[in-house]
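Trainee: Hi! Could you walk me through this structure?
Mentor: Happy to, let's look together.

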Number of protein chains: 2
Amino acid sequence: MRLSRYFLPVLKETPSEAQIASHRLMLRAGMIKQASAGIYSWLPLGFKVLRKLENIVHEEQMRAGHIPMLMPTIQSADLWRESGRYDDYGEEMLRIRDRHDRDMLYGPTNEELITDIFRAHVGSYKDLPLTLYHIQWKFRDEIRPRFGVMRGREFYMKDGYNFDLSKEDALHAYNRHLVSYLRTYERMGLQAIPMRADGGPIGGDYTHEFLVLAETGESEVFYDSEITDLRFGEREIDYDSVEQCQAVLEEFTSRYARTDETHDEVIFNEVPEARRRSARGIEVGQIFYFGTKYSEPLGATVQGPDGKPVPVHMGSHGIGVSRLVGAIIEASHDENGIIWPEGVTPFHAGIVNLKQGDAEADAACEALYASLTALGLEPLYDDRDERAGGKFATMDLIGLPWRITVGPRGLKNGVVELTSRKTGESEEMPPEKAIEKIAEIYAPHHRSVAVEPMAQRSFHTWL
Amino acid sequence: MRLSRYFLPVLKETPSEAQIASHRLMLRAGMIKQASAGIYSWLPLGFKVLRKLENIVHEEQMRAGHIPMLMPTIQSADLWRESGRYDDYGEEMLRIRDRHDRDMLYGPTNEELITDIFRAHVGSYKDLPLTLYHIQWKFRDEIRPRFGVMRGREFYMKDGYNFDLSKEDALHAYNRHLVSYLRTYERMGLQAIPMRADGGPIGGDYTHEFLVLAETGESEVFYDSEITDLRFGEREIDYDSVEQCQAVLEEFTSRYARTDETHDEVIFNEVPEARRRSARGIEVGQIFYFGTKYSEPLGATVQGPDGKPVPVHMGSHGIGVSRLVGAIIEASHDENGIIWPEGVTPFHAGIVNLKQGDAEADAACEALYASLTALGLEPLYDDRDERAGGKFATMDLIGLPWRITVGPRGLKNGVVELTSRKTGESEEMPPEKAIEKIAEIYAPHHRSVAVEPMAQRSFHTWL
């Protein structure tokens, strides 16, 4: 993308309404604009990141064998009366009356609707196990929306639902979700720690929240410091294997890690003092097993192997996709702006032309642009007729991990400059070498998305 | 995908509430389930098609230089009061009051919101031309929703908005949209004819609707039969070229083609009688130029080259993405089910195992599955233990363009059967030959999406 043809309305002033870094930086980098309290338009740069996160979530869910679908935003109140939850949500539920005076609502979650689909179409234990999920806009009418997309009213969320014949099978689904979530967050450059949590209005006997440590987090958390050394990494996993998924759950949840809702001083004090930590965290996901809580009132039963009807065991599993954009920025920024992890960066590299209009510099930038594009990477070329200082400030603010700086002086010596946004370190090298380095840097990210050989795979086949 | 692990709840009975083929077939093929009147859940197969259409729209819009972003579904009433349209929409607008008693609404379209973004961020003619678009859920509270997704209440739509300094520039944007829409529909296997139309509540001096001819269409249309011979085809176009875009507009709109809203018998009668046609059509898109209708009341001005403020010239341009799923089926089905065009099919080929459990047949199916997958194609393998007749009926119903049938008898002679859904013709050939043919068939579709070389392109870079 050439910046002269893009829409990137960066702000010079820091907006006064923004209290935390991610909110400030998303506004300043031209990623979002508030439409109403707690409701945002995603400007092109913000939408690009949101879409990348969405794709990562889709890929990891499909890898785990979960099936994508899409439920609507507006639901009928009837199903919620049937489950008994119509009043539970209180004023946070956006209630709507349509032109025929029917009670509707903007879905804050989808246990009722998915259970209704299940009971209409699935009748036999032979159709289990089944996990369906979608990524859809939701609405919670927060009394005091704040922190930008971190606590908005309209938000984008992945929610998935498993249907199993027994508690044992449902707990395998629970573990499978835990594994897929660990992979998902790591691909986004985040460490999200599963912590024992409280069920809230969803309910549930087993539930873990995934928390990203950050000073601005809303939750107080307590954990054994050993847990931050754990990485899922590149290990291969068979999602059908009960043992493998169970082992990952044990590895990642056996140490003390709880939110304040479930914190227990007595147990915590058994952790050696040097490893006891309290900190703040941002919740970016939660998994639940809640048994037959919805299947019983809603009549979601299947015929078991013995011919008798059995209410299915369910769980639900959420990832806050729009919130993650903010969480990633909270975890990765400095005083000059955002620092995108390579897995989610909106553009792979920035190209800064120090002397727009200089024939040689222009040609070198165009050649770099063409080479990166031919590799399947997306560069952002700042081709505006602006001073170098302004171009650098914009690149730092929007946080692309790598910048190539091209100027007449360097070109005389046959070099351009490659700069890491994270370390600030620069290195001069021939343009071909810079391309080669960037291709190398992104190769693992390309590989990690390739479930099948990428050679002839086109994006229109991915879903 | 293996059918035993998928969620494809096909119905044997024809649902009585469905009056038209697409609605019936989408229900029967397990693509959608009604959640409330005019509001649908997209089951996995339906969601897959919806997502393919969405991706085609994104690709063609980006190819034309238009910039993707995303506006929210819930809007404040204030902006609509400012534009004077709050009352225009009447009861079709879903009005909502939030917990703080603020008037909100579920956006039926986004002229106000996009203009608000524009006026907040763009100040100079140097930032023009600019075209922003998004694909987002919309709501129109139809009094009698019907025909499934063709006239639903919650629907998925691409709407784009151009901002230009002059009428002349804005008309180039209009033409550019027309070209990009022609390409979009052809990639979906549709012929959509641009017809002179009426502005309706959007307004506009220039507007064309795109109509797909179909008996079940809601609009009566009148046209010169020569128009149905036109194809955009594989021609290259420079979207920056005023001349090239204008030439396409003239080619596709100079013959008589109007909806009943703008039909004029006198002009129509100038078409030679043998070429005069009246028929029914399904509207799948509309483009508008409406000058300063929104920029003036909302104060969307830029500083012109002479330093004076100028209200920008705008247009808006929509494609009904969810409606297109129905329109494609209306245009392409038979008594046995859907017939997907290759560009939008949810799976590229079906594999039918005539004797599940037979070691040789199972192995041959697995090998075909692996080969197609390695080519970047997505097969749907019916690996259920069912009779051949049931498997064929399901494949015909869900409409995959190609089916490979594998059975012990054929394998003895080293052959499988390749069947075209469209023609019903079957041919026996060795499995490798079937793979080769399918790879050839889909090669143009792969090519057509490749703006850049596909070799190393991964889907996480596409947006």
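**Chain A, then a helix**

Mentor: Chain A has 13 helices and 23 strands (DSSP runs numbered from the N terminus, with at least four residues of H or I for a helix and at least two of E for a strand). Its radius of gyration is 24 Å, close to the 23 Å from the globule rule for 463 residues, so chain A is as compact as a globular protein of that length. That radius is taken over C-alpha atoms, and the rule is 2.2 Å times the number of residues to the power 0.38.

Trainee: Is this an experiment or a prediction?
Mentor: This is a predicted model, where local features need pLDDT of at least 70 and side-chain atom pairs count only at pLDDT 80 or more, while totals for chains, interfaces and linings use all residues. Residues are numbered from 1 along each chain, chains are lettered from A in the order written, and side-chain values use heavy atoms, without hydrogens and water.

Trainee: What box do the C-alpha atoms of chain A fill?
Mentor: Roughly 80 × 55 × 50 Å along the principal axes.

Trainee: And how many of its residues are buried?
Mentor: Of the 463 residues in chain A, 60% are buried (under 20% relative accessible area, with a 1.4 Å probe and protein chains only).

Trainee: New topic: how far does helix H5 of chain B reach?
Mentor: H5(B), residues 167-187, spans 30 Å from first C-alpha to last, close to the 30 Å expected (1.5 Å times one less than its number of residues).

Trainee: Is H5(B) mostly covered or uncovered?
Mentor: Mostly covered, with 16 of its 21 residues buried.

Trainee: What comes just after H5(B)?
Mentor: Gly189(B), with a positive phi of about 80 degrees.

How values were computed
Buried < 20%, exposed > 50% of the residue type's maximum accessible area, 1.4 Å probe, protein only.
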